Amino acid sequence: MPPTLDPQLLPAQLCLARPENLGACNDIGPTTRRFGWILMPLFLLLVSIGVSNQTWAQQIGGNIIIKGVVKDSVTYEAMPFVNIILEGSQKGTSTDLNGAFVLSLSQLPARIKLSYVGYYPKTIEVNSVTDILKIKLVPSVIEKVAIVVLKNANPAHRIIKLAVKNKPKNNPENITSFTYRSHNKFIVNPVSISPRNRPKEDRATIERREDSLLAIKSPGAKLIRDSTYYAKARKREIRDSIDREEFSKHLDTSYLFLNETFTERKYRYPNQSNETVISTRTSGFPKLALAAIGTRLQPFGMYKDAITLFNRDYISPISAGSTRRYDFTLVQTRVNAEGDTTFVINYVPYDDANINGLKGQVSINSKGYAIQNITARSADDVPLIDFSIKQMYEIVDGKYWFPTQLHTDFNFGGAAKANDEGVVGIARTYIGGIKTDAGLRRMDFIEEELEIPEISTNLPIAEMNKLRIDTASLKEANTYKFMDKIIKDSASKAEKIVMAMEYLALGAIPIGKFELPLDQFFTVNKFEGFRFGSGIRTNQRLSKHWVFGGYGAYGTKDGRFKYNLFADYKFSRFFDWHINLAYTNDVSEPGQQSFLNFKNLLSTEGYRTFITSRMDYFESWRLSTRLRPFKFTGLEFGIDRRLVGAGYDYQFGVDDTQGTDANLSAQFSGFRTLEAQASLSIVYGERYELFKGRRIMLDRGYPAIYLQASRGIRNNIWGDLDYVRLNARVEHHIKSIFIGNTYITLAGGYTDRPLPYGLLFNGMGAKDRDIPVAMRNYFQTVGTYEFTQDQFAALFFYHDFGSLLWRSKYENFAPKPALVHAMGWGDLRRPELQLGINNQSMNKGLYETGILVKDMYRIKYLNTYYLGFGVGAFYRYGPLQLPGQWDNMVFKLDTEISF
């Protein structure tokens, strides 16, 4: 009897061995298909000889290798970290994240024992090495018994405290430098057809299909042998919402979506990291280059005090003081083949620990008291996005524990429930080729943390197999075949989806060698009304160094056209060094501060644009150069020639200190400036991606420091004013997993003499009856242009308690309190020179305090995030308090996106 073939063999080999599956394989041509039956006996003979020789060689060497896979008998899901011991000895191993194991034996037959917490133990007799063992463990029903354990006497606490103490040397990101290759998979499947949610009596059939790709019989249809035939025969039904059960059956042998990405990463302590995509392939979208990087979707290691997922911080069980917040239970102790002891510990937050906690199991190895493997999921009863983390670590270079397998499953929108609609996201990262203490230098790194160049997105299977660290399953191979065919039948729709995803990433619509920026199409404010426009610029297809472009816009309320033209040249990619020449005819709000590389991503601070009602028209010629000399640091130097005219009723009286000039009347509303500028930005921890030559911000950092200095040069031709103008802004975010998140912003500005209104500073007010929305880093009780000043300082404080004070059990009602405080001071020299505007300053000090209650009502979108609405009350007090008591009280709405 010929031996049973290893399911991990390449797809082409499996097709020769099993002719009924020829259509499911990617590399089988018509000639091979025709002679498959003729080649099969010869192939089986060669395999038999190879297996026999391999077994003989193993036995001669006294080293017999057995392999197997362990699954849950109910859900048929792979079981990681199952303890496997050779009967009669302490020799053993454990399964990896795929439920697979390899065990070395000295002789056959042999008996192995399998055990896992919450499952009945099982003993298996092994008689042959030619079979891959497929083992199922049955969950046990364990009755809970109330046991009182003193926290100080818990034997698990000593182990956890030693693990916390050894965190600095065990954290892989504390290694001087390292490099590795990674194989990342991202899989999407509908919730309702997940094996976990299918009827129990049908699961055995499902597993048989997954393992062997057996034919599927559909009611009233012919025998369907492979996914390509199925797609072709039923493409109309699939496209027009085919029978759900039939489609579900087919997805037993393929996934709905699969992306594989191969990367190389290099890291240098403390914060230099580059990951470059070598190749990527996406089922159904052969041109899609938006790589789903596994290490971006899941944490790289579990040694940080807080594990951040979907903008939410979860306290790690391996964190300082965790024994006061987590209930740890030592459930198993085993001795490994190397003589080290592995302590298996369950953990769950205490009932009275009001934290964003995790629950799961961690295995600590006595060699360095490092994490050997860990499982974790949210301890919330009903999380919006449920997740399950599994990580495995191995010793590298004999001294470092390094993550080698990272698995994270995301259940979107209550996906754990069988009746719910939604999708399950599955992220897998396999790490290999690890080299530590790699001797990397600063010059070996670019600024961008992730680089996605113009790469191959449709590698042949043979080439992908060379890059894979984890072998491809038949289900994955079938996904490419099935989904590529489905999408191909509606190619125009697929192309639109691909283009839309790239548009969002680049912020522009590509048109050959040009692109249209998305942010130029539409904005709205109270001065221009609805502003419609369009921009255009060249991309890398025209030149890797030059960019030419511009924009045009029209305001429906002011009835004026605005436009811009620019040319940009990149000198150096390493320093991101550019030189830019631009001409602009547009509008700008007087008194506002602008800084280099400033971003307020998803912040309510951006709402301030909607209530802008004063604008200066200006015409500008600007020459500048910018670069990033150090990580997190940006510099810009420029010279700007500008003509400014007020778009509102305003005049400036001539200041004697400016002298007299024939071009200046006693009063004027327009002026000329010739300004030399220098700008600095330092944003610690900001992260960027380089996608097709374009820098995209992945995450902003803290603290952030922004400085700008301007020197006005007065002459008879280009500049009317001589002055010095300084702007500064400092932001910091203090994250505490126990008391919440604190945001502090300091802002200030200074001019050395009286200047026209367009060069001064407004009062940073955000009080508007038409749009009563709370806006971060503004005074909520101050009118938009209530104050005017030529020097000022302001502090904005915002503390978000989140759900630490109270946890709601309701989906749409989850109030979260936040404290808000703002204070400022300012002065205005010669206020009598400012004609037509409110010339009051904050020279006596302005104070306001408020409270926000967020998520009073929230709406779930796409089963992945909440759009929450809250209310806030703010009170103004101090010397600048308004006469009427209720005039100082302002009520506002609040909006927030949360997970």
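Predicted model: local features only at pLDDT ≥ 70, side-chain atom pairs only at ≥ 80, totals over all residues.
Colleague: How many residues of strand S12 are buried?

Modeller: Strand S12 spans residues 272–282 and is mostly covered. Of its 11 residues, the number that are buried is 9.

Colleague: How many bridges join strand S11 to S12, and how do the two strands run?

Modeller: Strand S11 comprises residues 257–268, and it forms a hairpin with S12, with 3 residues between them. One of the pairings places Lys-266 with its bridge partner Asn-274 in S12. The bridges joining S11 to S12 number 10, and the strands run antiparallel.

Colleague: Which residue in S22 stands opposite Thr-276?

Modeller: Strand S22 covers residues 450–452 and is joined to S12 by 2 bridges. These two strands run parallel. The residue of S22 that stands opposite Thr-276 is Glu-451.

Colleague: Is Ser-319 buried or exposed?

Modeller: Ser-319 lies in the loop between strand S14 (312–315) and strand S15 (326–335). Its relative accessibility is 3%, and the cut-off for the buried class is under 20%. Ser-319 therefore counts as buried.

Colleague: Which backbone oxygen does the side chain of Ser-319 reach, and at what distance?

Modeller: Not counting residues up to four places away in sequence, Ser-319 touches Val-164, Lys-167 and Asp-305. The side chain of Ser-319 also has a polar contact, for which the limit is within 3.5 Å. The backbone oxygen reached by this side chain belongs to Ser-316, at 2.6 Å.

Technical notes:
Residues numbered from 1 in each chain as written. Heavy atoms only, no water. Buried < 20%, exposed > 50% of the residue type's maximum accessible area, 1.4 Å probe, protein only. Helix = DSSP H or I, 4+ residues; strand = E, 2+ residues; numbered from the N terminus. Pairing = 2+ DSSP bridges. Polar contact = N/O pair within 3.5 Å; in protein donor to acceptor, adjacent residues only side chain to side chain. Contact = heavy atoms within 4.5 Å.
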